[in-house]
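Please prepare a short briefing on the protein chain shown here.

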Amino acid sequence: MKAIIFAAGLGTRLKPITDTMPKAMVPIAGKPLLWHTIQKLKASSFDEIIINVHHFADQIIDYVKANNSFGIRIEFSDEREKLLDTGGGIKKASWFFDDNKPFLIHNVDILSNIDLRNLYEIHTQNNSIATLVVSERETSRYFLFNENNHLVGWINEKTGEIKSPYSNLDSSIYRKLAFSGIHIIHPQIFSYFNLFPDKFSIVDFYLSICDKEKIHGYIPKSLQLIDVGKITSITEAENFIK
């Protein structure tokens, strides 16, 4: 099975650590975040992985090569010239997903107890073009889902902004769920990429097609998830690993 790990981010919330290393190489319990992500994917039978790189890209590439690609196929999608955001990053790496099978998208700074094999199986069963791992954690920005857990919109509760292909969407009647940075999509979605530039948000992309294609929200039971995006989350992440 194939996957893409998003590791190109600048890691600005992890400064000053990321002044000298990429976010993917930030150590958690003695091992880089990238190590933890690769090991989780390998344990779930993902054995072909592409990693997008930008900030201190050479450190990531050298680390993977020094570890003999962890015994699996690992390629790189080079974004050193320009960061492409998640949507653009998937578009640039789309050549890798040439087997017409669903693939996993996983942010390098996410640690969780989610069963990725089960997620893959659920995606294949729900007949949707994309399956997004979501939860009821507190945040300011939420995806909106209907009673069938199909995506219908997005809301920023701080600003009141609502995005949806459906006009005059009443956000109060839909379920608000936070996105985890873990999702599975089918390559048939690539046909819509032609309408988008090199750089674009995957959130905006999903919202642009959710009235045409079924995008499913999946809420794992007893989900534990840590976004290692800021200094204060490192201790929490180390406790989670231990």
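The points below go from the whole chain to single residues.

This is a predicted model, in which local features need pLDDT of at least 70, side-chain atom pairs count only at pLDDT 80 or more, and totals for chains, interfaces and linings use all residues. Residues are numbered from 1 along each chain as its sequence is written, and side-chain values use heavy atoms, with hydrogens and water left out.

**Whole chain**

- The protein chain has six helices and 14 strands, taken as DSSP runs numbered from the N terminus (helices: H or I, at least four residues; strands: E, at least two).
- Its radius of gyration is 17 Å, close to the 18 Å of the globule rule for 242 residues, so the chain is as compact as a globular protein of that length; the radius is taken over C-alpha atoms, and the rule is 2.2 Å times the number of residues to the power 0.38.
- The C-alpha trace spans about 50 × 40 × 35 Å along its principal axes.
- Of the 242 residues, 52% count as buried (under 20% relative accessible area; exposed is over 50%, partly exposed in between; 1.4 Å probe, protein chains only).
- Among contacts (heavy atoms within 4.5 Å) with a separation of 6 or more, 74% join residues 24 or more positions apart.

**Aromatic pairs**

- Rings of Phe, Tyr and Trp (its six-membered ring) pair if their centres lie within 6.5 Å; planes under 30 degrees apart are stacked, over 60 edge-to-face, and the rest tilted.
- The count by this rule is 15 aromatic pairs.
- Phe 96 and Phe 97 have ring centres 5.2 Å apart and planes at 90 degrees, so this pair is edge-to-face; both residues are buried.
- Phe 196 and Phe 205 also form an edge-to-face pair, with 5.2 Å centre to centre and 70 degrees between the planes, and both are buried.
- Ring pairs link a cluster whose members include Trp 95, Phe 103, Phe 190 and Tyr 206.

**Charges over rings**

- The charged end of Lys 163 sits over the ring of Trp 154, 5.0 Å from its centre (NZ of Lys or CZ of Arg within 6 Å of the ring centre and within 35 degrees of the ring normal).
- The charged end of Lys 176 sits over the ring of Tyr 142, at 5.5 Å from its centre.

**Lys 23**

- Lys 23 lies in the loop between strand E1 (2-6) and strand E2 (27-28).
- Lys 23 is buried, with a relative accessible area of 16%.
- Beyond its neighbours within four places in sequence, Lys 23 contacts Gly 11, Leu 14, Thr 18, Leu 33, Asp 109 and Val 228.
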